[in-house]
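User: I would like to learn how to read a protein model. Can we take the features one by one?

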Amino acid sequence: METVGELKNNKNETIVQIYKSFALTRQCSFRIHHHIDFELCYVSSGKGIYNSGNNYEINDGDIFVFKPNKAHCITDISNENMHLINLHINPQYFRFMHPISGTDDNFGIRFLSNNFKSAKLSDYISKKSKEKIITNIDNLIFEFNEKKTNYIFKIETLLNDIIIELSRYQIKHIDRTFASTKCSDDIFRTVDYINAHFNENLNLNHLATMANLTRTYYSHVFKSIMGLSVWEYISIKRIDAAIYRIRNSDDNILNIALTCGFNNTANFNRIFKKYTNVLPKTFKQ
């Protein structure tokens with residue numbers, strides 16, 4: 001995997017990342033993964049099968065979209081090696097995405113909440129939209145590589161253009177949760193807290209109190225805004241941290257579990273397997 005570029009917020013958290021990946025020919029490999037980010041995947045070359053609840057045939061030029069916490073993996077790559085471009089956008093990015101004028105001051109939050117007809121976007125979008133998205137991806141890579149004057153502003157413009165184009169193919173639904181901008185601000189304040197304290201003992205009642213909501217309503221609003229439940233968000237943050245430590249340290253499994261917020265290895269093993277389909281010991285090998 002080659003990271004092309006990334007954007008960070010004022011807390012030095014990565015909120016946008018684009019990278020190129022290369023996958024070898026394989027069959028019946030089922031190492032699923034989940035993540036907090038919204039993902040767009042462009043298959044520049046290769047054929048195979050993408051599993052995301054349903055099996056989707058992969059061909060050159062296909063585009064896939066995955067909402068936060070949507071399990072997915074490429075199980076089969078046939079005949080030739082595969083080249084991919086992956087764009088990951090953290091929910092924090094959508095927090096401030098709204099027009100200067102008009103009434104839809106929660107456009108970004110609504111985008112996260114709305115669904116797509118299927119994960120394989122290229123099956124139902126227009127040729128013009130597909131070409132526009134691919135061109136914008138190519139331009140994103142160019143801007144990250146060249147870093148010309150005001151390139152970050154240009155990158156955000158390209159990202160917003162991609163998101164707007166994608167929004168035109170979403171299945172919209174009405175949720176009164178979005179009536180209050182303050183409500184979403186309160187939720188994101190707890191997200192900031194979780195990001196800083198995910199490896200500690202987090203309490204749902206405490207988080208709900210921070211958001212000035214009841215425990216039940218807080219859970220509902222959090223999932224509506226973020227696209228995944230509170231505990232799913234916390235679990236993925238902890239598993240991501242554990243994966244990093246497994247890959248970059250010689251710590252044993254117990255130390256990694258405790259450092260990343262798990263109180264015992266049994267709980268760590270169970271949640272790790274849920275989100276990766278393998279045990280930490282196997283992942284480490």
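This is a predicted model: local features need pLDDT of at least 70, side-chain atom pairs count only at pLDDT 80 or more; totals for chains, interfaces and linings use all residues.

User: How many bridges pair β3 with strand β5, and in which sense?

Analyst: Start with the general idea. Two strands pair if DSSP finds at least two bridges between them. Strands (E, at least two residues) and helices (H or I, at least four) are DSSP runs, numbered from the N terminus. Here, β3 and β5 (residues 63-66) pair over four bridges, in the antiparallel sense.

User: Which strand pairs with β3 over 12 bridges?

Analyst: That is β6 (residues 73-89), again antiparallel. I77 in β6 is the bridge partner of G48. Strand β4 (residues 55-58) also runs antiparallel to β3, joined by four bridges. There, E57 in β4 stands opposite I49. β3 and β4 make a hairpin with three residues between them. In that turn, G53 has a positive phi of about 90°.

User: Is β3 mostly covered or uncovered?

Analyst: First, the scale. Buried means under 20% relative accessible area, exposed means over 50%, and partly exposed lies in between (1.4 Å probe, protein chains only). Strand β3 (residues 38-51) is mostly covered, with 11 of its 14 residues buried.

User: Which residues touch the most other members of the largest nonpolar core?

Analyst: In soluble globular proteins, nonpolar side chains tend to be buried together. A nonpolar core is a set of buried Ala, Val, Leu, Ile, Met, Phe, Trp, Tyr and Cys residues joined through side-chain atoms within 4.5 Å. The largest one here has 40 residues. I194, Y218, F222, F268 and F272 touch the most other members. Elements giving two or more residues to this core include α5 (181-197), α7 (215-226) and α10 (265-276). Helix α8 gives the most, with nine residues. There is also a second, separate core of 35 residues, with L7, I63, L87 and L166 among them.

User: What is Y218 in contact with, beyond its neighbours within four places in sequence?

Analyst: Contact means heavy atoms within 4.5 Å. The partners of Y218 include I187, I194, L207 and V230.

User: How many salt bridges does the structure hold?

Analyst: Side chains of opposite charge can pair when their charged atoms come close. The cut-off: a side-chain nitrogen of Lys or Arg within 4 Å of a carboxyl oxygen of Asp or Glu. The structure holds 10 salt bridges. In one of them, K120 meets D62 (3.4 Å, N to O). K120 lies in the loop between β7 (115-116) and α3 (127-146), and D62 in the loop between β4 and β5, so the pair ties together parts 58 residues apart in sequence. K120 is buried, at 8% relative accessible area. D62 is buried too, at 7%.

User: Where do R95 and D192 lie?

Analyst: R95 lies in the loop between α1 (91-94) and α2 (107-113), and D192 in helix α5. Their side chains meet in a salt bridge (3.4 Å, N to O). Both residues are buried.

User: Which residues are linked in a network of salt bridges?

Analyst: The network links K132, D161, E165 and R168. K132 and E165 form a salt bridge, with their closest N and O atoms 3.3 Å apart. K132 is partly exposed, at 33% relative accessible area, whereas E165 is buried, at 8%.

Definitions and conventions
Residues are numbered from 1 along each chain as its sequence is written. Side-chain values use heavy atoms; hydrogens and water are left out.
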